[in-house]
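Subject: Structure for you to look at

Hello,

Here is the structure I promised to pass on to you. Please have it open while you read the notes below, which go from the whole chain to the spaces inside.

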Amino acid sequence: MTVRGFWPMRDLPTVGWLVMAAVATLVHPFVPEPRWLMIHLLVLGAAGHAVLVWSRYFADTLLRRPPTPRREQTARLILFNGGVAVLVVGMLSGVWPLTAAGVSLVVTAVVWHAVLLARQIRRALGNRFAPTVRYYVAAGLLLPAGAVLGTWMAYDDGGVLHERLRLAHIAVNVLGFLGLTVLGTLVTLWPTVLRTRIGAGAEQAARRALPVLIAAIGVLVGGALAGWRPAIVVGLLGYLSGITVLALPAIRSARVKPPSSFAAWSILCAVCWLAGCLVVVTVGAAATGFTELDALIGEVTPLLAVGFVAQILIGALSYLVPVVLGGGPSPVRAANRVVDTGGPARLVMTNVGTIVCALPVPSLIRVVVSMLVLGALVSFVPILFAAIRASRLARAAARDDVVPARPVEPVRASTRRSGVAIAGLAAVLVAAATGAALDPAALDGPVTSAANGVPPTGHTTTVEVKAAGMRFTPDTIEVPAGDRLVITVRNASAGDVHDLVLDTGAKSGRLAPGETAVVDVGVAGRDIEGWCSVAGHRQMGMVLTIRVTGMQHGTTSPGGARGTGKHTGSGNGGPRATVDPSATPPEDFRARDARLPALPPGRVHRVRLVITETEREVAPGVRQTVWTYNGTVPGPILRGQVGDRFEITLVNDGTIGHSIDFHAGALAPDRPMRTIPPGESLTYTFTAERAGVWMYHCSTEPMSTHIAAGLFGAVVIEPPDLPPVDRSYVLVQSEMYFGPQGGTPDVAAIQEGKPDAVVFNGYPHQYAHRPLTAKVGERVRLWVLDAGPNRPLSFHVVGGQFDRVWSEGRWLVGSPSAPATGTGAQVLPLLPAQGGFVELTFPEAGHYPVVDHVMSDAERGARGIIRVTK
């Protein structure tokens with residue numbers, strides 16, 4: 001098969017979108033949902049452009065029609081790529097009209113393309129390859145349906161309907177628009193890449209498979225929209241059946257001429273990823289609920305984008321570019337040699353690396369290996385341009401009758417390919433080892449023997465322990481004295497990270513959900529205590545007791561005291577940090593800006609919250625590891641009005657499971673408030689139906705520890721008709737329970753309710769050292785939230801009286817129309833998670849203390865000053 005009328009520059013947008021998709025994976029901190037941006041750039045931008053270019057030229061060639069006029073094709077491509085660009089800008093900016101305009105341009109270009117192909121089929125009746133072109137027409141006509149589903153999904157509230165729409169959208173666009181195009185093209189392209197004839201029965205298989213595939217997509221989309229899992233399973237099985245029908249003649253072609261080039265292997269790997277991902281989703285649809293299926297779709301879609309879409313693009317272009325550049329056998333061979341450069345290593349790094357990323361490995365391993373996969377894919381771009389250059393040089397040499405030098409006798413191809421593939425595998429292993437070395441939780445300390453002088457029996461006792469629900473199951477293990485004990489630990493939780501640490505020093509290391517590890521305890525000669533070392537999990541009851549049978553109990557643990565499993569000390573190692581109440585912060589200390597943020601424009605607010613775990617100074621001379629939303633404690637203050645819609649993207653860049661709970665929204669917590677493991681993200685969408693000073697916080701157990709460590713913030717939804725004031729400040733009270741220097745909070749102190757500091761906006765006495773400001777006669781509004789986790793707040797301004805007080809949805813003093821006269825309030829009392837605001841004016845210049853009138857808490861740090869000037 002040959003391809004006519006090709007213009008090489010028209011493939012540059014495919015390469016450009018591919019590079020931008022790679023860049024999108026590197027701008028993680030700067031864009032919302034980079035994973036889905038990458039998928040759209042790759043699937044819609046790069047693959048969509050390639051579909052319009054190559055399906056058009058294949059149709060011209062297969063139907064033996066004159067080449068498509070260049071001007072017409074160029075106009076269509078400009079329309080399509082402009083639409084994708086506008087759509088991407090709309091996604092990044094959150095401006096829905098831009099997104100809708102981009103979708104409209106893309107749909108117009110693709111439908112135009114499909115209609116013209118349908119006309120060509122009618123003019124070429126009886127052509128043996130007409131069924132292949134029908135795949136292109138069907139794919140083009142499916143895209144508008146996928147666009148409608150995507151637009152509808154953008155308006156959904158993030159609940160069950162959103163999950164259904166996402167599955168339907170992916171089914172239509174990936175399996176329909178892209179999948180049908182690829183499968184139809186491979187009927188003729190696959191044997192061509194193998195340099196063999198089209199297998200007997202290939203055209204008949206293409207004719208039979210197309211209605212099966214289209215019907216399967218229809219059943220799958222219907223089942224997704226209805227939320228009926230049996231229909232989803234049937235649709236997925238039907239699509240796999242259609243692939244099987246097409247695969248049989250393709251397998252016969254491969255048996256005649258096995259794959260040998262990079263292009264052939266890349267295409268083969270891509271199709272295997274498509275089939276493999278479909279099998280995984282089919283099993284998941286049959287075995288899990290819809291919420292779990294949606295989470296599975298979220299995990300599989302990036303694998304499908306990289307394993308299937310990226311590899312099919314690169315594989316096809318690796319074959320087509322040398323061929324269409326033409327110039328005779330010599331230039332084609334020259335370009336092919338360059339295209340195959342490092343092919344086995346690139347294939348191994350891409351596919352083995354993607355498999356590693358799909359496994360429940362620690363997040364740092366996944367990050368490092370994914371960068372290697374990204375490098376293997378993007379290396380295609382310079383290789384492609386080098387191949388074009390090699391083809392041109394070969395054509396120039398042929399024109400000048402230059403006789404090329406006789407090449408040096410090469411090493412046997414099979415040996416060379418094996419060596420390059422091994423190098424690729426070694427690169428993956430090195431990347432994984434680098435990620436493991438960068439994970440402090442993977443480092444093991446010294447392990448002491450638990451034999452206690454008991455002679456070994458030579459027998460081994462093996463036990464499986466499941467970690468889930470803040471419990472080990474079983475939580476007590478009995479082992480005969482002298483037996484070697486081997487424990488297999490499995491993290492069976494949905495989102496939490498767990499581990500097992502024994503008092504001997506043996507440990508499993510941090511385990512993501514689904515991961516397992518083996519802990520070799522050695523010879524057991526005494527009772528042993530174990531626990532989960534993730535902050536707060538031990539105190540929630542996640543302990544394990546190993547009892548030795550066949551000997552007298554009461555044996556001692558190292559240090560002379562028998563283990564009890566109870567918490568002592570800080571739980572982090574080392575003595576607890578202490579704060580000097582008279583200490584002052586360093587000269588360069590900057591207090592948190594307490595001003596209420598400006599009301600953002602529009603009624604839809606898109607916010608990206610990244611959870612990090614970092615060590616910093618939290619009080620003069622005290623450093624702790626705090627858990628933060630966007631690097632601050634409290635997290636960012638969000639502001640809106642009644643009726644505003646908030647679209648929150650939560651990213652867990654920590655080392656354990658975290659989550660978020662917005663009191664400002666009312667919706668079922670199952671999906672948006674679920675705990676997500678490190679490296680994952682979720683979208684939390686809610687509409688603020690009621691005014692209030694609402695708390696948001698991590699809802700992962702133990703919740704008190706996650707809040708005390710810093711994962712909390714405030715959402716200010718202003719009551720209607722609230723009059724403007726001269727100054728607005730936000731003060732969020734919280735408690736600190738210090739662990740050792742650099743450690744996490746002391747969970748025992750949290751449970752006992754004994755804070756080391758009580759603070760406004762994350763630092764004790766900060767507004768005493770860096771006062772808030774106002775002027776005489778100005779009206780000042782103070783928004784207040786008690787984030788807890790434990791202690792109440794009695795908010796008071798010394799020397800001031802409140803003439804407006806609003807608390808938990810009601811006016812206590814004054815009204816929106818006027819402040820109170822002849823009466824007032826001295827405190828705003830709040831329990832943990834309650835919020836409100838007060839207003840006052842200052843009669844004269846001076847320094848007005850702001851305190852929690854639970855005076856011991858004011859002395860612990862919950863105080864500040866408003867400096868009033870004339």
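The secondary structure of this protein, which is a predicted model, comes to 19 helices and 27 strands. Of its 870 residues, 54% are buried, and the protein exposes about 36,000 Å², with carbon and sulfur atoms supplying 61% of that area.

The largest cavity contains about 250 Å³ of space, and among the 20 residues that line it, Ala50, Val182, Thr185, Ile312 and Ala316 are the closest to its centre. At least two lining residues come from each of α2 (34–62), α6 (160–194) and α10 (290–325). Sorted by class, this lining has 17 nonpolar and three polar residues, with no charged ones.

The second largest cavity contains about 150 Å³ of space and has a lining of 14 residues, of which Ile170, Leu278, Val281, Ile297 and Leu304 lie nearest its centre. Two or more residues of that lining come from each of α6, α9 (262–287) and α10. Which element gives the most to the lining of the second largest cavity? That is α6, with five residues. By class, the lining of the second largest cavity has 13 nonpolar residues, one polar residue and no charged residues.

Best wishes

Methods. Residues numbered from 1 in each chain as written. Predicted model: local features only at pLDDT ≥ 70, side-chain atom pairs only at ≥ 80, totals over all residues. Heavy atoms only, no water. Helix = DSSP H or I, 4+ residues; strand = E, 2+ residues; numbered from the N terminus. Buried < 20%, exposed > 50% of the residue type's maximum accessible area, 1.4 Å probe, protein only. Areas by Shrake-Rupley, 256 points an atom, 1.4 Å probe, with all protein chains shown as cover. 1 Å grid on protein atoms, 1.4 Å probe; cavity = no way out; pocket = protein on both sides within 12 Å on 5 of 7 lines; lining within 4 Å. Points joined across faces, edges and corners; volume = space filled by probe spheres on them. Nonpolar A, V, L, I, M, F, W, Y, C, P; charged D, E, K, R; others polar.
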